[in-house]
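Here is a short report for a reader meeting this structure for the first time. Look over the sequence and the model, then read on.

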Amino acid sequence: MAFLFGKKKTMKEILREHQRNINRAVRDIDRERTSLQNQEKKIIAEMKALAKKGQMGAIKIMAKDLVRTRNNVSRFYKMRTELQAVGLRIQTVASQNAMAEAMKGVTKAMMTMNKRMNIPQMQKIMMEFEKQSEMLDMKQEMMSDTMDDVFEEEGEEEETEEVINQVLDEIGINLSSQFADAPASTVPSKVAVDNEDSELQARLDNLRK
């Protein structure tokens with residue numbers, strides 16, 4: 001129908017259709033296998049009934065039929081496993097296709113962004129931003145100085161100096177008191193030094209005699 005209208009199926013639609021067909025085939029196989037298993041149970045029940053009657057010829061015929069039925073059940077199990085493996089492969093392909101489509105979209109978006117990105121214009125914008133930021137800082141500093149001058153009270157500078165002098169005076173008093181409390185150092189007086197020199201000179205004179 002899609003071919004008649006000229007509409008081309010996408011890869012996603014094709015994979016979904018194949019997956020749908022595989023799931024339908026698996027359901028058909030399960031249905032046939034269940035039917036064979038029910039038939040197997042009936043054959044076994046009939047064989048037990050014939051065994052009680054001693055009809056060995058009929059039992060042998062039914063035994064062959066039972067073997068064929070069990071072989072067909074095994075084949076259906078194998079077919080189901082193979083179909084599930086194919087379905088898993090289709091899911092893998094679908095995932096890879098989805099990843100490829102996503103990467104394709106991301107690549108296209110990146111190409112568009114790169115085309116729209118004007119590096120010289122961005123540099124110009126950043127330089128202008130830095131310039132305006134510096135101007136704003138300067139204006140704020142000037143406004144701060146002006147506000148300080150406006151709100152500074154008369155005599156505040158003199159009062160500030162008085163406070164500083166008072167603090168320094170207090171520190172000086174404390175330092176003087178510390179020096180006053182410290183023990184006096186034992187410095188030899190000039191008279192004592194002169195006496196020692198006279199004694200040494202007298203000894204030298206005695207040695208010369």
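## Exposure of A58

A residue counts as buried under 20% relative accessible area, as exposed over 50%, and as partly exposed in between. The model is predicted. In it, A58 has a relative accessibility of 28%, so A58 is partly exposed.

A58 sits in helix 2, which covers residues 56–116. E46 comes 12 residues away from A58 along the chain, and their C-alpha atoms are 9.7 Å apart.

## Overall build

The chain has five helices and zero strands. Along the sequence this gives the pattern α-α-α-α-α.

The chain has 209 residues, and 10% of them count as buried. Its accessible surface is about 18,700 Å². Carbon and sulfur atoms hold 59% of that surface. Among contacts with a separation of 6 or more, 72% join residues 24 or more positions apart.

## A positive patch

Five residues form a patch of positive charge on the surface: K12, R16, R20, R24 and R27. One of them, K12, belongs to helix 1, residues 11–53. K12 counts as exposed because its relative accessibility is 56%, and the cut-off for exposed is over 50%.

## A nonpolar patch

M117, I119 and M122 make up a nonpolar surface patch. Together they have about 270 Å² of accessible area.

M117 lies in the loop between helix 2 and helix 3, the latter spanning 119–151. With a relative accessible area of 40%, M117 is partly exposed.

Definitions and conventions. Residues are numbered from 1 along each chain as its sequence is written. This is a predicted model: local features need pLDDT of at least 70, side-chain atom pairs count only at pLDDT 80 or more; totals for chains, interfaces and linings use all residues. Side-chain values use heavy atoms; hydrogens and water are left out. Helices (H or I, at least four residues) and strands (E, at least two) are DSSP runs, numbered from the N terminus. Buried means under 20% relative accessible area, exposed over 50%, partly exposed in between (1.4 Å probe, protein chains only). Patches are made of residues with over 30% relative accessible area and no salt bridge: like charges are joined within 9 Å, nonpolar side chains (Val, Leu, Ile, Met, Phe, Trp, Tyr) within 5 Å. Accessible areas come from the Shrake-Rupley method with a 1.4 Å probe; for residues, only the protein chains shown count as cover. A salt bridge is a side-chain nitrogen of Lys or Arg within 4 Å of a carboxyl oxygen of Asp or Glu. Lys and Arg count as positive and Asp and Glu as negative; His and the chain ends are not counted. The place of a charge is taken as NZ of Lys, CZ of Arg, CG of Asp or CD of Glu. Contact means heavy atoms within 4.5 Å.
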